[in-house]
Amino acid sequence: MDKLNAAITAVGGYVPETVLTNADLEKMVDTNDEWIRTRTGIVERRILKEEDKASSDMAVRAILPMLESKQIDPLDIDLIICATITGDYVFPATANIIADKIGAKNAWGYDVAAACSGFLYALQTGAKFIESGTHKKVIVVGVDKMSAIIDYTDRNTCIIFGDGGGCVLLEPTTEPFGIMDAKLHSDGSGREFLVQPAGGSLNPPSHETIDARQHYVYQEGKTVFKFAVTNMAEVSYDVMTRNGLSSEDVDWLVPHQANLRIIDATASRMGLDASKVLINIQKYGNTTAGTLPLLLWDFESKFKKGDNLILSTFGGGFTWGAAYVKWAY
Ligand code: UT7
């Protein structure tokens, strides 16, 4: 039998309507628009304000229009993998809730918790289910409601993150398109530098953890920056070169949107012209697992069949990696 590849055959995305600008943040913490723009590249981000809505709802709003545009019945979906660190609950998995809400009654699913690298981890595992021939339609979601775990009195973190997410549909093809390669890494010794300290089994939620604001994201920005800038650049370069691609052969860099300076360093290590680097950090900030699918969604109309994309990321854990995707449509 011919080798099966996992092609991305559709993309979807969703960001909430409410916009939180740098000017808004100036009124909340001791910061300013100039500092945020020059240090991160962020101008505004979206916040999910609807009281009874969570990550699964943003995922549903990304998935349903995608399925509708392809005229795919949710009953035909085999598997949903949801990358998130802000699931609706600690358990059950958000993928199960998404499946219920979209009516994917024949699908099974699970969540992947790899922070900003979650979508890439989920994409790679989703691809394996397609390549093995056991699954025909896999939805990979990356979504985060970061506003649920951000301390809006902490200027180190609240200026960075936003809410949103996106998804892709993976289907088998015998043509040479799809997820061609991926190199993924993790290093748990970095866990203390970017972490939600309480709420898990180490520090279950209590009055003390709440008073200490440990249910919010803690980040030692400078340390994370140093690891991110080196590792995201190196892994992206590795994936490019081990697939025999030169900087001319790469059509698009799809980089995690954490900081414009990290993106620039990655593009520079790969020798890429700025015109090939996809950026939407100015509009959405860092949506954690949402950044990569949101880029695919925002820039879908630019991609041509056969284009070479390098997706790359770095996040809490530490986790990082890059994937080579040959665009299939
Ligand atoms: O997506 C997951 C992975 N995460 C990342 O990749 C994030 C990596 N880290 C970063 O992007 C950057 O470290 C930050 C954007 C978070 C911070 O930028 P930085 O250039 O590393 O700033 P810093 O933390 O070293 O702070 C520099 C100065 C400090 O003041 P002093 O000590 O020099 O007087 C901070 O107190 O800027 C101050 N500062 C701020 N000033 C205005 C820190 N945050 C702010 C702020 N507004 N929001």
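**A sheet and its salt bridges**

Mentor: Asp-181 counts as buried, because its relative accessibility is 16% and the cut-off for buried is under 20%. Keep in mind that this is a predicted model. The side chain of Asp-181 meets that of Arg-242 in a salt bridge, with 2.8 Å from N to O. This pair links distant parts of the chain, as Asp-181 lies in strand E8 and Arg-242 in helix H8, 61 residues apart. Arg-242 is partly exposed, because its relative accessibility is 45%. A salt bridge also joins the side chains of Lys-183 and Asp-238, at 3.0 Å from N to O. Here Lys-183 belongs to strand E8 and Asp-238 to helix H8, and 55 residues separate them. Asp-238 has 26% relative accessibility, so it counts as partly exposed.

Now the sheet itself. Its 4 strands are ordered E8-E13-E12-E11, and the sheet is open with mixed pairing. Strand E8 (178-186) and strand E11 (252-255) are the edges, each pairing on one side only. On average, neighbouring strands are turned by 15 degrees against each other, direction ignored. Helix H8 (residues 221-242) packs on this sheet and touches E8, E11, E12 and E13; the direction of H8 makes about 155 degrees with that of E12. Helix H11 (residues 291-299) packs there too, touching E11 and E12, and its direction makes about 140 degrees with that of E11. Within the sheet, strands E12 (residues 308-315) and E13 (residues 319-326) run antiparallel and are joined by 8 bridges. Leu-309, for instance, has Val-325 in E13 as its bridge partner.

Methods. Residues numbered from 1 in each chain as written. Predicted model: local features only at pLDDT ≥ 70, side-chain atom pairs only at ≥ 80, totals over all residues. Heavy atoms only, no water. Pairing = 2+ DSSP bridges. Helix = DSSP H or I, 4+ residues; strand = E, 2+ residues; numbered from the N terminus. Axes fitted to C-alpha atoms, helices over the stretch in contact; angles between N-to-C directions. Contact = heavy atoms within 4.5 Å. Salt bridge = Lys/Arg side-chain N within 4 Å of Asp/Glu carboxyl O. Buried < 20%, exposed > 50% of the residue type's maximum accessible area, 1.4 Å probe, protein only.
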